[in-house]
Amino acid sequence: MRLIITNDYDEMSRTAAEIIKEQVNRKANSVLGLATGSTPLGTYKELINMYKNGEIDFSYVITFNLDEYVGLPDDHPQSYHYFMYENLFNHINIKKENIHIPNGVSDDFDRDCRLYDEAIEKFGEIDLQLLGLGVNGHIGFNEPDDYINTKTHIVDLAEETINANKRFFKSIDEVPRKAVTMGLGTIMKSKKILLLASGKNKANAIKETLNGYLTTDVPSTVLSLHPDVTVVIDSDAASLVDLEKARKNVDIISKL
């Protein structure tokens with residue numbers, strides 16, 4: 001695991017976009033795993049600017065999103081389908097047939113979850129998976145639990161997650177209580193993982209992620225088992241990290 005600490009959110013976003021650009025420029029038909037939420041917004045803006053400046057070409061890129069709310073149709077303003085098109089896909093030259101996002105209004109979730117994992121496997125797994133981090137350590141929508149669900153599946157959202165996401169809705173009553181998410185096994189099959197976190201509200205989750213201990217109470221700790229993880233965080237998210245202790249478990253590339 002490699003750790004890059006940046007000064008602020010904007011620098012974190014630029015750093016993450018450069019890593020993604022390098023991946024796509026090295027392999028034009030890269031399979032990218034993408035995340036939603038406020039954390040990757042800056043990264044997507046940087047990628048859009050890179051595309052407009054001719055620095056990156058998405059015409060052969062394949063994408064798989066981590067998750068989607070259950071019960072929200074694609075055109076709902078708070079669906080992750082809507083989010084991805086508004087904040088990235090409508091502004092780059094990706095082909096629509098190369099975009100994959102879980103179906104939140106399926107008539108057979110077991111079938112569609114299985115087919116989603118099979119589609120990822122068909123492309124030879126994800127080359128680079130972008131992850132955000134929940135305040136409780138969730139990645140995708142894999143919440144703290146007694147057990148790890150490895151496959152794409154339906155999950156009951158934790159109260160911390162519902163409270164964190166209520167700012168996107170008119171009221172907390174409108175926040176969906178369930179989501180479909182890639183499982184931790186699906187995520188861990190990715191060849192490379194890029195984890196982003198910003199802000200003091202993510203500081204404790206980052207501290208737990210980097211401490212070297214594996215627990216289902218903090219799902220992000222499973223990343224310590226992956227051979228190629230880069231963690232890019234801003235100084236606020238790094239505020240609780242003991243860098244000397246962290247060096248036992250991670251390689252600190254730079255503190256900007």
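Two strands count as paired if DSSP finds at least two bridges between them. Strands here are DSSP runs of E with at least two residues, helices are runs of H or I with at least four, and both are numbered from the N terminus.

This is a predicted model, in which local features need pLDDT of at least 70 and side-chain atom pairs count only at pLDDT 80 or more, while totals for chains, interfaces and linings use all residues. Residues are numbered from 1 along each chain as its sequence is written, and side-chain values use heavy atoms, without hydrogens and water.

I start with the sheet. It is open and has three strands in the order S4-S8-S7, with antiparallel pairing. S4 and S7 are at the edges with a single partner strand each, so one side of each has no neighbour in the sheet. From one strand to the next the twist averages 30°; axes are lines fitted to C-alpha atoms, and angles run from 0 to 180 degrees between N-to-C directions. S7 and S8, residues 178-181, are joined by four bridges. Ile154 stands opposite Val180 in S8.

Now the pockets. On a 1 Å grid over the protein atoms alone, a pocket is an open set of points where a 1.4 Å probe fits, with protein on both sides within 12 Å along at least five of seven lines; lining residues have an atom within 4 Å of a point. A volume is the space filled by probe spheres set on the points.

The largest pocket has a volume of about 460 Å³. Its lining has 28 residues, and Gly37, Leu133, His138, Asn165 and Lys202 lie nearest the centre. Strand S4 (67-69) and helix H5 (159-165) are the elements that give two or more residues to this lining. H5 provides the largest share, four residues.

Which residues carry the active site feature in UniProt? The record, an unreviewed entry, places it at Asp67, Asn136, His138 and Glu143; such annotations may be inferred rather than shown by experiment. Of these, Asp67 and His138 are in the lining of the largest pocket. Asp67 lies in S4 and is buried (under 20% relative accessible area, 1.4 Å probe, protein chains only), at 5%.

The second largest pocket holds about 210 Å³. It is lined by 21 residues, of which Asn142, Glu143, Asp145, Tyr147 and Asn149 are the closest to its centre. Strand S7, residues 153-156, gives the largest share of that lining, four residues.

Note on methods: Buried means under 20% relative accessible area, exposed over 50%, partly exposed in between (1.4 Å probe, protein chains only).
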